[in-house]
There are 2 protein chains.
Amino acid sequence: MAYTVGQVARVAGVTVRTLHHYDEIGLLSPSGRTAAGYRRYDDADLQRLQLVLYYRELGFPLEEIAAIIDDPAADPAAHLRRQHELLTVRIKRLQEMVTAIEFAMEASKMNIQLTPQERFEAFGDFDPEAHEAEAEQRWGDTDAYRESNRRASRYGKDDWLRIKAENEDWGRRIVALLASGAPADGPEAMELAEEHRQIISRWFYECSYEIHTGLADMYLADERFTAHYENIAPGLAGYLNEAIHANAISRA
Amino acid sequence: MAYTVGQVARVAGVTVRTLHHYDEIGLLSPSGRTAAGYRRYDDADLQRLQLVLYYRELGFPLEEIAAIIDDPAADPAAHLRRQHELLTVRIKRLQEMVTAIEFAMEASKMNIQLTPQERFEAFGDFDPEAHEAEAEQRWGDTDAYRESNRRASRYGKDDWLRIKAENEDWGRRIVALLASGAPADGPEAMELAEEHRQIISRWFYECSYEIHTGLADMYLADERFTAHYENIAPGLAGYLNEAIHANAISRA
DNA sequence: CTGCCGCCTGCCGCTACGTCAGGGTCAAGC
DNA sequence: GCTTGACCCTGACGTAGCGGCAGGCGGCAG
(Lines give C-alpha, C1' and ligand atoms only; values in the text may rest on other atoms or scores of the structure.)
Protein backbone atom coordinates (compact mmCIF):
# COMPACT_ATOMS: atom_id res chain seq x y z
CA MET A 1 0.00 0.00 0.00
CA ALA A 2 2.90 2.35 0.72
CA TYR A 3 6.22 2.33 -1.07
CA THR A 4 9.61 3.98 -0.72
CA VAL A 5 11.29 5.76 -3.61
CA GLY A 6 13.53 2.81 -4.23
CA GLN A 7 10.66 0.40 -4.45
CA VAL A 8 8.71 2.62 -6.78
CA ALA A 9 11.77 3.18 -8.90
CA ARG A 10 12.34 -0.53 -9.25
CA VAL A 11 8.82 -1.47 -10.16
CA ALA A 12 8.37 1.42 -12.55
CA GLY A 13 11.77 1.07 -14.11
CA VAL A 14 12.96 4.58 -13.44
CA THR A 15 15.76 5.92 -11.29
CA VAL A 16 15.36 7.39 -7.85
CA ARG A 17 16.71 10.62 -9.21
CA THR A 18 13.87 10.77 -11.67
CA LEU A 19 11.33 10.47 -8.90
CA HIS A 20 13.14 13.17 -6.98
CA HIS A 21 12.98 15.32 -10.05
CA TYR A 22 9.27 14.75 -10.51
CA ASP A 23 8.77 15.69 -6.91
CA GLU A 24 10.84 18.84 -7.31
CA ILE A 25 8.89 20.09 -10.26
CA GLY A 26 5.62 19.04 -8.71
CA LEU A 27 4.76 16.53 -11.38
CA LEU A 28 4.52 13.68 -8.95
CA SER A 29 4.77 14.42 -5.27
CA PRO A 30 4.43 11.49 -2.93
CA SER A 31 1.27 11.57 -0.93
CA GLY A 32 3.18 11.58 2.32
CA ARG A 33 6.43 11.55 4.18
CA THR A 34 7.64 9.57 7.16
CA ALA A 35 8.77 11.31 10.32
CA ALA A 36 12.32 11.12 9.05
CA GLY A 37 11.38 12.79 5.79
CA TYR A 38 11.30 9.68 3.64
CA ARG A 39 8.96 9.88 0.66
CA ARG A 40 5.98 7.54 0.86
CA TYR A 41 4.14 6.68 -2.32
CA ASP A 42 0.71 5.06 -2.29
CA ASP A 43 -1.30 3.34 -4.99
CA ALA A 44 -2.76 6.55 -6.32
CA ASP A 45 0.76 7.89 -6.75
CA LEU A 46 1.67 4.80 -8.71
CA GLN A 47 -1.29 5.29 -10.92
CA ARG A 48 -0.26 8.82 -11.60
CA LEU A 49 3.28 7.72 -12.27
CA GLN A 50 2.05 5.24 -14.78
CA LEU A 51 0.23 8.00 -16.62
CA VAL A 52 3.28 10.17 -16.52
CA LEU A 53 5.48 7.45 -17.95
CA TYR A 54 3.12 6.65 -20.74
CA TYR A 55 2.87 10.25 -21.78
CA ARG A 56 6.57 10.63 -21.45
CA GLU A 57 7.07 7.62 -23.67
CA LEU A 58 4.80 9.33 -26.13
CA GLY A 59 7.17 12.25 -26.07
CA PHE A 60 5.35 14.93 -24.17
CA PRO A 61 7.39 17.43 -22.17
CA LEU A 62 6.90 17.03 -18.46
CA GLU A 63 5.21 20.37 -18.07
CA GLU A 64 2.60 19.43 -20.60
CA ILE A 65 2.15 16.06 -18.97
CA ALA A 66 1.29 17.81 -15.75
CA ALA A 67 -1.30 19.89 -17.54
CA ILE A 68 -2.80 16.87 -19.26
CA ILE A 69 -3.00 14.79 -16.14
CA ASP A 70 -4.34 17.56 -13.97
CA ASP A 71 -6.98 18.42 -16.50
CA PRO A 72 -10.13 17.91 -14.45
CA ALA A 73 -12.09 17.06 -17.59
CA ALA A 74 -9.95 14.03 -18.31
CA ASP A 75 -10.87 10.89 -16.45
CA PRO A 76 -8.74 7.76 -16.52
CA ALA A 77 -10.56 6.29 -19.47
CA ALA A 78 -9.98 9.41 -21.50
CA HIS A 79 -6.26 9.08 -20.90
CA LEU A 80 -6.31 5.51 -22.02
CA ARG A 81 -8.15 6.41 -25.17
CA ARG A 82 -5.78 9.22 -25.95
CA GLN A 83 -2.75 7.10 -25.33
CA HIS A 84 -4.16 4.37 -27.47
CA GLU A 85 -4.59 6.75 -30.35
CA LEU A 86 -1.19 8.30 -29.99
CA LEU A 87 0.42 4.90 -29.86
CA THR A 88 -1.28 3.69 -33.00
CA VAL A 89 -0.25 6.84 -34.81
CA ARG A 90 3.32 6.26 -33.77
CA ILE A 91 3.26 2.67 -34.81
CA LYS A 92 2.05 3.72 -38.20
CA ARG A 93 4.90 6.14 -38.45
CA LEU A 94 7.47 3.53 -37.58
CA GLN A 95 5.93 1.16 -40.06
CA GLU A 96 6.32 3.78 -42.73
CA MET A 97 9.95 4.01 -41.81
CA VAL A 98 10.25 0.27 -42.12
CA THR A 99 8.72 0.41 -45.55
CA ALA A 100 11.12 3.16 -46.50
CA ILE A 101 14.01 1.02 -45.30
CA GLU A 102 12.80 -1.95 -47.25
CA PHE A 103 12.52 0.27 -50.26
CA ALA A 104 16.04 1.54 -49.76
CA MET A 105 17.31 -1.99 -49.36
CA GLU A 106 15.85 -3.07 -52.63
CA ALA A 107 17.23 0.03 -54.23
CA SER A 108 20.68 -0.56 -52.86
CA LYS A 109 20.67 -4.17 -53.93
CA MET A 110 20.10 -2.97 -57.44
CA ASN A 111 22.30 0.07 -57.32
CA ILE A 112 19.44 2.45 -57.85
CA GLN A 113 20.03 6.01 -56.80
CA LEU A 114 17.54 7.63 -54.51
CA THR A 115 16.59 11.24 -54.90
CA PRO A 116 17.11 13.50 -51.90
CA GLN A 117 13.38 13.73 -51.36
CA GLU A 118 13.04 10.00 -51.22
CA ARG A 119 15.84 9.80 -48.74
CA PHE A 120 13.83 11.72 -46.21
CA GLU A 121 10.34 10.82 -47.17
CA ALA A 122 9.88 8.60 -44.19
CA PHE A 123 10.37 11.58 -41.91
CA GLY A 124 8.59 14.02 -44.09
CA ASP A 125 5.01 14.40 -43.22
CA PHE A 126 5.01 15.30 -39.65
CA ASP A 127 8.26 16.18 -38.19
CA PRO A 128 11.47 14.43 -38.84
CA GLU A 129 12.70 13.44 -35.53
CA ALA A 130 12.14 11.81 -32.23
CA HIS A 131 14.59 11.46 -29.53
CA GLU A 132 14.50 8.92 -26.88
CA ALA A 133 18.00 9.74 -25.89
CA GLU A 134 17.89 8.13 -22.54
CA ALA A 135 15.93 5.05 -23.27
CA GLU A 136 17.91 4.11 -26.27
CA GLN A 137 21.12 4.94 -24.59
CA ARG A 138 20.28 2.24 -22.13
CA TRP A 139 19.14 0.23 -25.05
CA GLY A 140 22.78 -0.13 -25.74
CA ASP A 141 22.71 -2.73 -23.02
CA THR A 142 19.76 -4.74 -24.16
CA ASP A 143 19.95 -8.08 -25.83
CA ALA A 144 18.02 -6.83 -28.80
CA TYR A 145 20.57 -4.22 -29.58
CA ARG A 146 23.51 -6.48 -29.08
CA GLU A 147 21.88 -9.06 -31.23
CA SER A 148 21.26 -6.51 -33.90
CA ASN A 149 24.82 -5.32 -33.72
CA ARG A 150 26.13 -8.79 -33.90
CA ARG A 151 24.08 -9.72 -36.91
CA ALA A 152 24.71 -6.52 -38.73
CA SER A 153 28.43 -6.91 -38.58
CA ARG A 154 28.46 -10.61 -39.16
CA TYR A 155 28.77 -10.52 -42.90
CA GLY A 156 32.26 -10.44 -44.29
CA LYS A 157 33.49 -10.13 -47.84
CA ASP A 158 32.84 -13.81 -48.40
CA ASP A 159 29.25 -13.49 -47.40
CA TRP A 160 28.74 -10.65 -49.77
CA LEU A 161 30.21 -12.64 -52.56
CA ARG A 162 27.89 -15.49 -51.70
CA ILE A 163 24.90 -13.21 -51.64
CA LYS A 164 25.87 -11.81 -54.98
CA ALA A 165 26.37 -15.28 -56.38
CA GLU A 166 23.04 -16.53 -55.07
CA ASN A 167 21.34 -13.56 -56.54
CA GLU A 168 22.92 -13.99 -59.91
CA ASP A 169 22.22 -17.66 -59.98
CA TRP A 170 18.61 -16.95 -59.18
CA GLY A 171 18.56 -14.27 -61.87
CA ARG A 172 19.88 -16.64 -64.51
CA ARG A 173 17.29 -19.24 -63.65
CA ILE A 174 14.33 -16.92 -63.76
CA VAL A 175 15.47 -15.41 -67.04
CA ALA A 176 15.72 -18.90 -68.47
CA LEU A 177 12.29 -19.75 -67.17
CA LEU A 178 10.81 -16.62 -68.65
CA ALA A 179 12.42 -17.43 -71.97
CA SER A 180 11.10 -20.97 -71.83
CA GLY A 181 7.58 -19.62 -71.89
CA ALA A 182 6.57 -21.21 -68.57
CA PRO A 183 3.57 -19.42 -67.05
CA ALA A 184 4.20 -16.90 -64.26
CA ASP A 185 1.71 -18.68 -62.04
CA GLY A 186 3.12 -22.09 -62.74
CA PRO A 187 4.97 -24.18 -60.15
CA GLU A 188 8.48 -23.38 -61.39
CA ALA A 189 7.91 -19.62 -61.38
CA MET A 190 6.33 -19.80 -57.97
CA GLU A 191 9.26 -21.80 -56.72
CA LEU A 192 11.64 -19.11 -57.93
CA ALA A 193 9.48 -16.44 -56.34
CA GLU A 194 9.66 -18.33 -53.09
CA GLU A 195 13.39 -18.57 -53.42
CA HIS A 196 13.56 -14.84 -53.96
CA ARG A 197 11.67 -14.35 -50.74
CA GLN A 198 13.94 -16.69 -48.87
CA ILE A 199 17.07 -15.01 -50.09
CA ILE A 200 15.78 -11.77 -48.65
CA SER A 201 14.78 -13.47 -45.43
CA ARG A 202 18.04 -15.28 -45.04
CA TRP A 203 20.35 -12.39 -45.71
CA PHE A 204 18.41 -9.29 -45.00
CA TYR A 205 15.23 -9.27 -43.02
CA GLU A 206 12.33 -11.53 -42.27
CA CYS A 207 10.30 -11.11 -45.43
CA SER A 208 6.70 -12.18 -44.93
CA TYR A 209 4.43 -12.97 -47.86
CA GLU A 210 2.75 -9.67 -47.26
CA ILE A 211 5.98 -7.76 -47.47
CA HIS A 212 6.96 -9.80 -50.44
CA THR A 213 3.88 -8.93 -52.47
CA GLY A 214 4.40 -5.34 -51.42
CA LEU A 215 7.87 -5.49 -52.93
CA ALA A 216 6.50 -7.10 -56.04
CA ASP A 217 4.07 -4.26 -56.55
CA MET A 218 6.82 -1.76 -56.00
CA TYR A 219 8.76 -3.38 -58.80
CA LEU A 220 5.99 -2.34 -61.12
CA ALA A 221 5.06 0.94 -59.51
CA ASP A 222 8.54 2.40 -59.36
CA GLU A 223 10.01 2.79 -62.77
CA ARG A 224 13.55 2.47 -61.57
CA PHE A 225 12.90 -0.99 -60.26
CA THR A 226 10.96 -1.82 -63.34
CA ALA A 227 13.87 -0.65 -65.42
CA HIS A 228 16.26 -2.77 -63.41
CA TYR A 229 14.36 -5.94 -64.14
CA GLU A 230 13.46 -5.00 -67.67
CA ASN A 231 17.12 -4.45 -68.30
CA ILE A 232 17.88 -7.99 -67.27
CA ALA A 233 15.17 -9.31 -69.53
CA PRO A 234 12.16 -7.63 -71.11
CA GLY A 235 8.97 -8.66 -69.37
CA LEU A 236 10.78 -9.84 -66.27
CA ALA A 237 9.31 -7.21 -63.95
CA GLY A 238 5.74 -8.20 -64.69
CA TYR A 239 6.62 -11.89 -64.73
CA LEU A 240 8.23 -11.73 -61.31
CA ASN A 241 5.38 -9.67 -59.94
CA GLU A 242 2.85 -12.23 -61.06
CA ALA A 243 4.92 -15.12 -59.79
CA ILE A 244 5.32 -13.56 -56.36
CA HIS A 245 1.62 -12.93 -56.06
CA ALA A 246 0.77 -16.43 -57.18
CA ASN A 247 3.24 -17.86 -54.72
CA ALA A 248 1.94 -15.76 -51.84
CA ILE A 249 -1.63 -16.80 -52.52
CA SER A 250 -0.81 -20.47 -52.77
CA ARG A 251 1.06 -20.46 -49.46
CA ALA A 252 -1.56 -18.57 -47.53
CA MET B 1 24.32 18.36 -56.45
CA ALA B 2 25.26 21.04 -53.92
CA TYR B 3 22.97 22.40 -51.26
CA THR B 4 22.97 25.20 -48.73
CA VAL B 5 22.12 24.64 -45.08
CA GLY B 6 18.67 25.98 -45.58
CA GLN B 7 17.93 23.68 -48.45
CA VAL B 8 19.21 20.65 -46.60
CA ALA B 9 17.27 21.63 -43.53
CA ARG B 10 14.06 21.89 -45.50
CA VAL B 11 14.36 18.62 -47.34
CA ALA B 12 15.49 16.69 -44.28
CA GLY B 13 13.01 18.30 -41.96
CA VAL B 14 15.50 19.59 -39.44
CA THR B 15 16.44 23.10 -38.42
CA VAL B 16 19.47 24.98 -39.62
CA ARG B 17 20.60 25.13 -36.05
CA THR B 18 20.67 21.36 -35.91
CA LEU B 19 22.92 21.20 -38.94
CA HIS B 20 25.17 23.77 -37.34
CA HIS B 21 25.26 21.64 -34.26
CA TYR B 22 26.17 18.52 -36.19
CA ASP B 23 28.91 20.45 -37.87
CA GLU B 24 30.21 21.73 -34.54
CA ILE B 25 30.45 18.30 -33.01
CA GLY B 26 31.83 16.83 -36.19
CA LEU B 27 28.95 14.47 -36.75
CA LEU B 28 28.16 15.88 -40.14
CA SER B 29 30.48 18.45 -41.59
CA PRO B 30 29.62 19.73 -45.04
CA SER B 31 32.01 18.56 -47.67
CA GLY B 32 32.92 22.11 -48.54
CA ARG B 33 32.49 25.81 -48.03
CA THR B 34 32.06 28.67 -50.48
CA ALA B 35 34.53 31.50 -50.59
CA ALA B 36 32.29 33.43 -48.27
CA GLY B 37 32.24 30.60 -45.75
CA TYR B 38 28.80 29.23 -46.63
CA ARG B 39 28.38 25.54 -45.93
CA ARG B 40 27.97 23.39 -49.04
CA TYR B 41 26.44 19.96 -48.70
CA ASP B 42 26.65 17.39 -51.46
CA ASP B 43 24.81 14.13 -52.05
CA ALA B 44 27.15 12.12 -49.91
CA ASP B 45 26.47 14.50 -47.06
CA LEU B 46 22.77 14.01 -47.53
CA GLN B 47 23.24 10.30 -47.42
CA ARG B 48 25.11 10.58 -44.20
CA LEU B 49 22.48 12.87 -42.78
CA GLN B 50 19.83 10.36 -43.59
CA LEU B 51 21.72 7.73 -41.65
CA VAL B 52 22.15 10.12 -38.77
CA LEU B 53 18.47 10.92 -38.65
CA TYR B 54 17.42 7.31 -38.73
CA TYR B 55 19.71 6.39 -35.91
CA ARG B 56 18.65 9.44 -34.02
CA GLU B 57 15.04 8.44 -34.48
CA LEU B 58 16.01 5.11 -33.08
CA GLY B 59 17.29 6.91 -30.03
CA PHE B 60 21.01 6.68 -30.25
CA PRO B 61 23.08 9.49 -28.74
CA LEU B 62 24.85 11.51 -31.37
CA GLU B 63 28.26 10.41 -30.25
CA GLU B 64 27.36 6.81 -30.71
CA ILE B 65 25.84 7.55 -34.07
CA ALA B 66 29.15 8.95 -35.19
CA ALA B 67 30.86 5.77 -34.10
CA ILE B 68 28.32 3.56 -35.83
CA ILE B 69 28.42 5.47 -39.07
CA ASP B 70 32.17 5.78 -39.17
CA ASP B 71 32.59 2.12 -38.47
CA PRO B 72 34.53 1.02 -41.52
CA ALA B 73 33.09 -2.48 -41.26
CA ALA B 74 29.58 -1.26 -41.79
CA ASP B 75 28.53 -0.76 -45.38
CA PRO B 76 25.25 0.89 -46.33
CA ALA B 77 23.39 -2.39 -46.53
CA ALA B 78 24.47 -3.27 -43.02
CA HIS B 79 23.00 -0.04 -41.75
CA LEU B 80 19.75 -0.71 -43.47
CA ARG B 81 19.57 -4.16 -41.99
CA ARG B 82 20.35 -2.91 -38.54
CA GLN B 83 17.81 -0.14 -38.76
CA HIS B 84 15.24 -2.55 -40.02
CA GLU B 85 15.75 -4.78 -37.04
CA LEU B 86 15.76 -1.97 -34.55
CA LEU B 87 12.58 -0.59 -36.01
CA THR B 88 10.76 -3.87 -35.85
CA VAL B 89 11.83 -4.31 -32.26
CA ARG B 90 10.48 -0.90 -31.43
CA ILE B 91 7.25 -1.53 -33.19
CA LYS B 92 6.83 -4.68 -31.18
CA ARG B 93 7.41 -2.73 -28.05
CA LEU B 94 4.83 -0.13 -28.93
CA GLN B 95 2.38 -2.84 -29.79
CA GLU B 96 2.90 -4.33 -26.39
CA MET B 97 2.10 -0.97 -24.93
CA VAL B 98 -1.05 -0.84 -27.00
CA THR B 99 -2.05 -4.23 -25.71
CA ALA B 100 -1.38 -3.09 -22.19
CA ILE B 101 -3.56 -0.06 -22.77
CA GLU B 102 -6.34 -2.17 -24.15
CA PHE B 103 -6.02 -4.40 -21.15
CA ALA B 104 -6.19 -1.43 -18.82
CA MET B 105 -9.22 -0.11 -20.66
CA GLU B 106 -11.10 -3.33 -20.22
CA ALA B 107 -10.06 -3.41 -16.61
CA SER B 108 -11.20 0.12 -16.00
CA LYS B 109 -14.53 -0.46 -17.69
CA MET B 110 -15.11 -3.22 -15.21
CA ASN B 111 -13.58 -1.55 -12.21
CA ILE B 112 -10.90 -4.14 -11.87
CA GLN B 113 -7.86 -3.12 -9.91
CA LEU B 114 -4.48 -3.56 -11.47
CA THR B 115 -1.52 -4.61 -9.42
CA PRO B 116 1.50 -2.31 -9.42
CA GLN B 117 3.44 -4.79 -11.50
CA GLU B 118 0.76 -4.85 -14.14
CA ARG B 119 0.72 -1.11 -14.23
CA PHE B 120 4.25 -1.01 -15.47
CA GLU B 121 4.49 -4.29 -17.28
CA ALA B 122 4.46 -2.65 -20.66
CA PHE B 123 7.66 -0.86 -19.80
CA GLY B 124 9.14 -3.71 -17.93
CA ASP B 125 11.34 -5.88 -19.98
CA PHE B 126 13.76 -3.53 -21.50
CA ASP B 127 13.83 -0.14 -20.10
CA PRO B 128 10.88 1.90 -19.21
CA GLU B 129 11.27 5.01 -21.16
CA ALA B 130 11.89 6.75 -24.38
CA HIS B 131 11.99 10.38 -24.92
CA GLU B 132 11.41 12.11 -28.14
CA ALA B 133 11.12 15.39 -26.40
CA GLU B 134 11.57 17.54 -29.41
CA ALA B 135 9.68 15.65 -31.99
CA GLU B 136 6.66 15.17 -29.88
CA GLN B 137 6.78 18.66 -28.61
CA ARG B 138 6.30 19.73 -32.17
CA TRP B 139 3.76 17.03 -32.39
CA GLY B 140 1.68 19.34 -30.35
CA ASP B 141 0.99 21.05 -33.63
CA THR B 142 0.07 18.07 -35.70
CA ASP B 143 -3.39 17.20 -36.75
CA ALA B 144 -3.15 13.80 -35.20
CA TYR B 145 -2.53 15.20 -31.81
CA ARG B 146 -5.17 17.81 -32.04
CA GLU B 147 -7.61 15.23 -33.24
CA SER B 148 -6.70 12.99 -30.39
CA ASN B 149 -7.07 15.78 -27.94
CA ARG B 150 -10.37 16.75 -29.32
CA ARG B 151 -11.80 13.29 -29.20
CA ALA B 152 -10.42 12.54 -25.80
CA SER B 153 -12.07 15.50 -24.20
CA ARG B 154 -15.27 15.23 -26.12
CA TYR B 155 -17.12 13.04 -23.70
CA GLY B 156 -19.09 14.74 -21.02
CA LYS B 157 -21.07 13.35 -18.13
CA ASP B 158 -23.96 12.61 -20.46
CA ASP B 159 -21.81 10.54 -22.72
CA TRP B 160 -20.58 8.51 -19.84
CA LEU B 161 -24.08 7.87 -18.72
CA ARG B 162 -24.97 6.76 -22.22
CA ILE B 163 -21.98 4.47 -22.39
CA LYS B 164 -22.93 2.96 -19.09
CA ALA B 165 -26.53 2.58 -20.19
CA GLU B 166 -25.54 0.94 -23.47
CA ASN B 167 -23.30 -1.42 -21.65
CA GLU B 168 -25.92 -2.39 -19.14
CA ASP B 169 -28.53 -2.84 -21.79
CA TRP B 170 -26.19 -5.09 -23.69
CA GLY B 171 -25.43 -6.96 -20.49
CA ARG B 172 -29.07 -7.61 -19.76
CA ARG B 173 -29.65 -8.92 -23.25
CA ILE B 174 -26.76 -11.32 -23.28
CA VAL B 175 -27.67 -12.63 -19.85
CA ALA B 176 -31.18 -13.24 -21.12
CA LEU B 177 -29.85 -14.96 -24.19
CA LEU B 178 -27.59 -17.16 -22.13
CA ALA B 179 -30.52 -18.08 -19.89
CA SER B 180 -32.67 -18.87 -22.91
CA GLY B 181 -30.29 -21.60 -23.87
CA ALA B 182 -29.46 -20.16 -27.30
CA PRO B 183 -26.15 -21.52 -28.59
CA ALA B 184 -23.05 -19.30 -28.28
CA ASP B 185 -22.37 -19.71 -31.97
CA GLY B 186 -25.92 -18.95 -32.98
CA PRO B 187 -26.94 -15.79 -34.81
CA GLU B 188 -28.30 -13.96 -31.78
CA ALA B 189 -25.17 -14.52 -29.72
CA MET B 190 -22.98 -13.49 -32.60
CA GLU B 191 -25.06 -10.38 -33.05
CA LEU B 192 -24.51 -9.46 -29.43
CA ALA B 193 -20.81 -10.16 -29.78
CA GLU B 194 -20.72 -7.85 -32.75
CA GLU B 195 -22.52 -5.22 -30.74
CA HIS B 196 -19.95 -5.59 -28.01
CA ARG B 197 -17.23 -4.94 -30.52
CA GLN B 198 -19.02 -1.91 -31.88
CA ILE B 199 -19.54 -0.39 -28.49
CA ILE B 200 -15.80 -0.54 -27.95
CA SER B 201 -15.13 0.85 -31.40
CA ARG B 202 -17.61 3.65 -31.04
CA TRP B 203 -16.61 4.87 -27.64
CA PHE B 204 -13.09 3.74 -27.14
CA TYR B 205 -10.86 2.62 -29.91
CA GLU B 206 -11.10 0.96 -33.27
CA CYS B 207 -11.55 -2.64 -32.24
CA SER B 208 -10.73 -5.02 -35.08
CA TYR B 209 -11.91 -8.62 -35.07
CA GLU B 210 -8.40 -9.64 -34.22
CA ILE B 211 -8.28 -7.38 -31.20
CA HIS B 212 -11.74 -8.50 -30.27
CA THR B 213 -10.88 -12.17 -30.17
CA GLY B 214 -7.78 -11.21 -28.22
CA LEU B 215 -10.00 -9.57 -25.65
CA ALA B 216 -12.26 -12.57 -25.60
CA ASP B 217 -9.37 -14.85 -24.78
CA MET B 218 -8.24 -12.49 -22.09
CA TYR B 219 -11.66 -12.77 -20.48
CA LEU B 220 -10.92 -16.41 -19.95
CA ALA B 221 -7.21 -16.19 -19.26
CA ASP B 222 -7.37 -13.50 -16.62
CA GLU B 223 -9.34 -14.60 -13.65
CA ARG B 224 -10.37 -11.12 -12.71
CA PHE B 225 -12.15 -10.68 -15.99
CA THR B 226 -13.56 -14.13 -15.73
CA ALA B 227 -14.83 -13.32 -12.28
CA HIS B 228 -16.39 -10.12 -13.54
CA TYR B 229 -18.48 -11.94 -16.10
CA GLU B 230 -19.16 -14.96 -13.97
CA ASN B 231 -20.49 -12.60 -11.34
CA ILE B 232 -23.00 -11.24 -13.77
CA ALA B 233 -24.10 -14.72 -14.74
CA PRO B 234 -22.40 -18.09 -14.34
CA GLY B 235 -21.09 -19.34 -17.64
CA LEU B 236 -21.16 -15.90 -19.24
CA ALA B 237 -17.40 -15.58 -19.67
CA GLY B 238 -17.13 -18.72 -21.72
CA TYR B 239 -20.33 -17.97 -23.56
CA LEU B 240 -19.14 -14.53 -24.60
CA ASN B 241 -15.76 -15.88 -25.58
CA GLU B 242 -17.33 -18.41 -27.86
CA ALA B 243 -19.73 -15.92 -29.34
CA ILE B 244 -16.96 -13.44 -30.11
CA HIS B 245 -14.89 -16.10 -31.80
CA ALA B 246 -17.84 -17.33 -33.83
CA ASN B 247 -18.67 -13.80 -34.85
CA ALA B 248 -15.12 -13.01 -35.85
CA ILE B 249 -14.86 -16.11 -37.98
CA SER B 250 -18.17 -15.51 -39.73
CA ARG B 251 -17.22 -11.94 -40.62
CA ALA B 252 -13.77 -12.74 -41.87
C1' DC C 1 22.33 50.71 -54.59
C1' DT C 2 19.00 49.32 -51.72
C1' DG C 3 16.25 45.98 -49.71
C1' DC C 4 15.50 41.66 -48.09
C1' DC C 5 16.37 37.10 -47.35
C1' DG C 6 19.81 33.78 -46.16
C1' DC C 7 24.15 32.75 -44.18
C1' DC C 8 27.78 33.22 -40.59
C1' DT C 9 29.63 32.89 -35.57
C1' DG C 10 29.21 33.34 -30.79
C1' DC C 11 26.70 32.76 -26.67
C1' DC C 12 23.17 32.11 -23.34
C1' DG C 13 19.04 29.19 -22.11
C1' DC C 14 16.37 25.12 -21.60
C1' DT C 15 14.81 20.24 -20.37
C1' DA C 16 15.27 16.08 -17.98
C1' DC C 17 17.65 14.20 -15.78
C1' DG C 18 23.02 11.90 -14.17
C1' DT C 19 26.21 12.16 -10.77
C1' DC C 20 28.61 13.19 -6.85
C1' DA C 21 29.01 15.06 -1.97
C1' DG C 22 27.87 15.20 2.65
C1' DG C 23 25.03 13.51 5.94
C1' DG C 24 20.85 11.16 8.40
C1' DT C 25 18.08 6.40 8.96
C1' DC C 26 16.62 1.75 9.54
C1' DA C 27 16.70 -3.22 10.19
C1' DA C 28 19.75 -7.03 10.92
C1' DG C 29 23.08 -9.23 13.32
C1' DC C 30 26.48 -9.64 16.89
C1' DG D 1 23.41 -1.48 22.69
C1' DC D 2 26.24 -0.87 18.83
C1' DT D 3 27.89 -1.49 14.33
C1' DT D 4 27.21 -2.22 9.47
C1' DG D 5 25.43 -1.80 5.08
C1' DA D 6 21.69 -0.67 2.36
C1' DC D 7 18.67 3.10 1.74
C1' DC D 8 17.10 7.81 2.23
C1' DC D 9 17.68 12.97 2.29
C1' DT D 10 19.01 17.64 0.17
C1' DG D 11 21.85 20.63 -2.45
C1' DA D 12 24.64 21.55 -6.36
C1' DC D 13 26.95 21.06 -10.54
C1' DG D 14 27.28 18.64 -15.20
C1' DT D 15 25.50 17.03 -19.69
C1' DA D 16 23.13 16.35 -24.34
C1' DG D 17 20.88 18.36 -28.00
C1' DC D 18 19.52 21.58 -29.51
C1' DG D 19 16.39 26.68 -29.55
C1' DG D 20 16.85 31.36 -30.04
C1' DC D 21 18.84 35.72 -30.39
C1' DA D 22 22.38 39.22 -31.45
C1' DG D 23 25.44 41.38 -34.57
C1' DG D 24 27.28 41.25 -38.94
C1' DC D 25 28.40 39.79 -43.86
C1' DG D 26 26.75 37.89 -48.69
C1' DG D 27 23.76 37.66 -52.85
C1' DC D 28 20.66 38.97 -55.92
C1' DA D 29 16.13 41.19 -57.63
C1' DG D 30 14.38 45.43 -58.72
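The largest share of the surface near DNA strand D comes from H2(B), which contributes four residues; a residue is near a strand if one of its heavy atoms lies within 4 Å of it. The model is predicted, with local features requiring pLDDT of at least 70 and side-chain atom pairs pLDDT 80 or more, whereas totals for chains, interfaces and linings use all residues. Residues are numbered from 1 along each chain as its sequence is written, chains are lettered from A and ligands numbered from 1 in the order in which they are written, and side-chain values use heavy atoms, without hydrogens and water.

In total, 22 residues surround DNA strand D, the closest being His20(A), Arg39(A), Thr15(B), Arg17(B) and Tyr22(B). Of the atoms of DNA strand D that come within 4 Å of the protein, 77% belong to sugar and phosphate. At least two residues of this surface are supplied by each of helix H1 (5-12) and helix H2 (16-24) of chain A, and helix H2 (16-24) and helix H7 (133-139) of chain B.

For Tyr38(B), a polar side-chain atom lies 3.1 Å from a sugar or linking oxygen of DNA strand D.

Gln83(A) is found in helix H5 (residues 76-109) of chain A.

Note on methods: A polar contact is a pair of N or O atoms within 3.5 Å; within protein, one must be able to donate a hydrogen and the other to accept it, and residues adjacent in sequence count only if both atoms are side-chain atoms.
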